[in-house]
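Student: Before I look at any coordinates, could you walk me through how to read a model of this kind, feature by feature?

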Amino acid sequence: PLPGVECKIVDPETGEECPDGVNGEFVARGYNIMKGYYKMPLATAQAIDADGWLHTGDLACRTPEGNFKITGRLKDMIIRGGENIYPKEIEEFIYTYDKVKDVQVIGVPDEALGEEILAAIVPKEGETITEEEIKKYVFDHMAKHKVPKYVDIVDGFPMNAAGKILKYKMRENAVQMLNL
């Protein structure tokens, strides 16, 4: 944090401060934080709490040295059967598979668990990847609950004019494709 600025990680559900190394929402307050949105009191109340903390919507964790590591976006977090799953963690791991060029992990609706994990993967040029090999790779190296239920092998991702991946569009396409 800069001098005069406070930063912390809080549990998104309880608002309690998280210990070092635990993911939560990054919040900050200080002289550099806006007072609010112009003529938008409801939006201001959703972003800045009564104690002046700006809720960024970023998932992060604090290191023991006092640094902060951004780990994803709160709205991208998958809640599967009451468990918080961080897509960025699974994406970073799948990137280590030698046949993978690009990957995006999203949550898709599930009647029983609320959400399920879908990994959309772009293979490297000339490579072929199967759903089974990705699931096995994740299962062999990560916790069982982080294994994607769905694996979609794609040529690319929907993007806006600025090149930002449109995860909401990916979700819409997956819901239609999987009949969810």
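Tutor: We shall go from the whole chain to its sheet, and then to single residues. This is a predicted model, in which local features need pLDDT of at least 70 and side-chain atom pairs count only at pLDDT 80 or more, while totals for chains, interfaces and linings use all residues. Residues are numbered from 1 along each chain as its sequence is written, and side-chain values use heavy atoms, with hydrogens and water left out.

Student: How many helices and strands does the protein chain have, and in which pattern do they follow along the sequence?

Tutor: Helices (H or I, at least four residues) and strands (E, at least two) are taken as DSSP runs, numbered from the N terminus. The protein chain holds four helices and nine strands, and along the sequence they read β-β-α-β-β-β-β-α-β-β-α-β-α. Its C-alpha atoms fill a box of roughly 50 × 40 × 35 Å along the principal axes.

Student: What share of the residues counts as buried, and what share of the contacts comes from residues 24 or more positions apart?

Tutor: Buried means under 20% relative accessible area, exposed means over 50%, and partly exposed lies in between (1.4 Å probe, protein chains only). Of the 180 residues in the protein chain, 39% count as buried. A contact means heavy atoms within 4.5 Å; among the contacts with a separation of 6 or more, 52% are between residues 24 or more positions apart.

Student: In what order do the four strands of the open sheet lie?

Tutor: In general, strands of a sheet pair through backbone hydrogen bonds, either parallel or antiparallel. Two strands are taken as paired if DSSP finds at least two bridges between them. Here four strands form an open sheet in the order 1-2-3-4, with antiparallel pairing. Strand 1 (5-10) and strand 4 (68-73) are the edge strands, each pairing on one side only. On average, neighbouring strands of this sheet are turned by 45° against each other, direction ignored (axes are lines fitted to C-alpha atoms, for helices over the stretch in contact, and angles run from 0 to 180 degrees between N-to-C directions). Strand 1 and strand 2 run antiparallel and are joined by six bridges, and the bridge partner of Cys7 in strand 2 is Ala28.

Student: Is Thr71 buried or exposed, and which residues does Thr71 touch?

Tutor: Thr71 is found in strand 4 and counts as buried because its relative accessibility is 14%. Leaving aside residues up to four places away in sequence, Thr71 touches Asn23, Leu59, Ala60, Cys61 and Lys88.

Student: Where is Asn67 found, and which residues does Asn67 touch?

Tutor: Asn67 is found in the loop between strand 3 (54-62) and strand 4, and its relative accessibility of 49% is why Asn67 counts as partly exposed. With residues up to four places away in sequence not counted, Asn67 touches Cys61 and Arg62. The C-alpha atoms of Asn67 and Asp20 are separated by 9.7 Å, although the two residues are 47 residues apart along the chain.

Student: What separates Gly15 from Pro3?

Tutor: Gly15 has its place in the loop between strand 1 and strand 2, and counts as partly exposed because its relative accessibility is 42%. Gly15 and Pro3 are 12 residues apart along the chain, and their C-alpha atoms are separated by 24 Å.
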